[in-house]
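Hi everyone, thanks for coming. Let me put the structure up, and then we'll walk through a pocket, a core and a helix.

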Amino acid sequence: MRTYHLEHPGSIDGITLRDTPGPPDPGPHDIVVRIHAVSLNKRDLLILDGTYPLKAAPGVTPVSDGAGEVVAVGEQVTRFRAGDRVTSTYFPRWLDGRITPALIDQPGATLPGMLAEYVRLDETAAVAVPDHLTWEEAACLPCAGVTAWNALTGAEPVLPGETVLTLGTGALALFAVQFAKTLGARVVATTSSPEKAERLKSLGADHVLNYTENPAWSAAVRELTGGRGADLVVETGGPDTIEQSVRATALYGRIALVAANSPHKDTLQITTDALASSLLTMRRLFVGSRTHFEQMNRAISLHGIRPVIDRVFPYDDTRAAYRHYASGAAFGKVVIRVA
């Protein structure tokens, strides 16, 4: 079988395709999955350039998010059978509850990833794919989808009638728009162009603010909410946007801090003036558990939600897919079709 490996970190050209023995045989509790599609996330670029918090294993197979068909199962497997459609989980050992240091291993970093024609997974490290999704759509769920779902439903869940603020048009923000509308919330989104604004509205955003024309967009958020502010901010800009997010948040609002880094700033800076009249709660989160994933999939199935895909690349053009994703031009997920 053909498998990609991160041979030389620091460059997209360091991702190489090898012929390797396979498909693998399943252990007693394993499933073997023929991968049909994978999708890229920001963490894949951070792992590539060596700035991700987890150090990648030498020559690791990249990418955390993949979807495929079960082709073999171990003798003690009970969760799946041959022919089932599954996706990987971001944290294979985090099944429920709070994450602990013992559970932080991830595919594409410390564990072999999904950018291969076949992978072997413990049966507990996979979830069933919603029936209405294509392989390409299913491959978009494990990281961005679960993170957005956790941001909206973890800790203090969004309630109908509340206002959710999303930032930009990254895949996670787009999931957050779709999920927030499903939960009955009003959505205010930010973007940089009229074209993207129209696409956000087509996904359900009630109001879209252009942050290039209005850098102090927090005032506009307050104006749109009658002075109240957003009940929840899905903070994906990190150091670049945190000050405005705090100013846009309601008195007892909350911020789901997804991104804490930026190529422009190395610290999160919030002025005392922004915090002076706020009693907000900020929650740092990192994707979610298998239970979060399964809850999200039930909502996706019930409401017929489909991930937004920007472009699909063939397996042999994996480096081109990485380059397109790294350019920042994508609106939605960048997917690689494996089979």
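How much space lies in the second largest pocket? About 460 Å³. Before going on: this is a predicted model, where local features need pLDDT of at least 70 and side-chain atom pairs count only at pLDDT 80 or more, while totals for chains, interfaces and linings use all residues. Residues are numbered from 1 along each chain as its sequence is written, and side-chain values use heavy atoms, with hydrogens and water left out.

A pocket here is an open set of points on a 1 Å grid over the protein atoms alone, where a 1.4 Å probe fits, with protein on both sides within 12 Å along at least five of seven lines; lining residues have an atom within 4 Å of a point. Volume is the space filled by probe spheres set on the points, joined across faces, edges and corners.

Of the 20 lining residues, Leu111, Pro112, Val119, Arg120 and Leu121 are the closest to the centre. Strand S6 (118–122) gives the most to this lining, five residues; strands are DSSP E runs of at least two residues, helices H or I runs of at least four, numbered from the N terminus.

Val119, Arg120 and Leu121 are also among the residues that Ile31 touches, contact being heavy atoms within 4.5 Å. Ile31, Phe179 and Val234 have the most contacts inside the largest nonpolar core, which has 87 residues. Such a core joins buried Ala, Val, Leu, Ile, Met, Phe, Trp, Tyr and Cys through side-chain atoms within 4.5 Å; buried means under 20% relative accessible area with a 1.4 Å probe, protein chains only.

Finally, helix H3 (residues 141–153) is largely enclosed by the rest of the structure, because twelve of its 13 residues are buried. Trp149 and Asn150 are among them. After H3 comes Ala155, with a positive phi near 60°.

Conventions:
Buried means under 20% relative accessible area, exposed over 50%, partly exposed in between (1.4 Å probe, protein chains only). Lists of a residue's contacts leave out its neighbours within four places in sequence.
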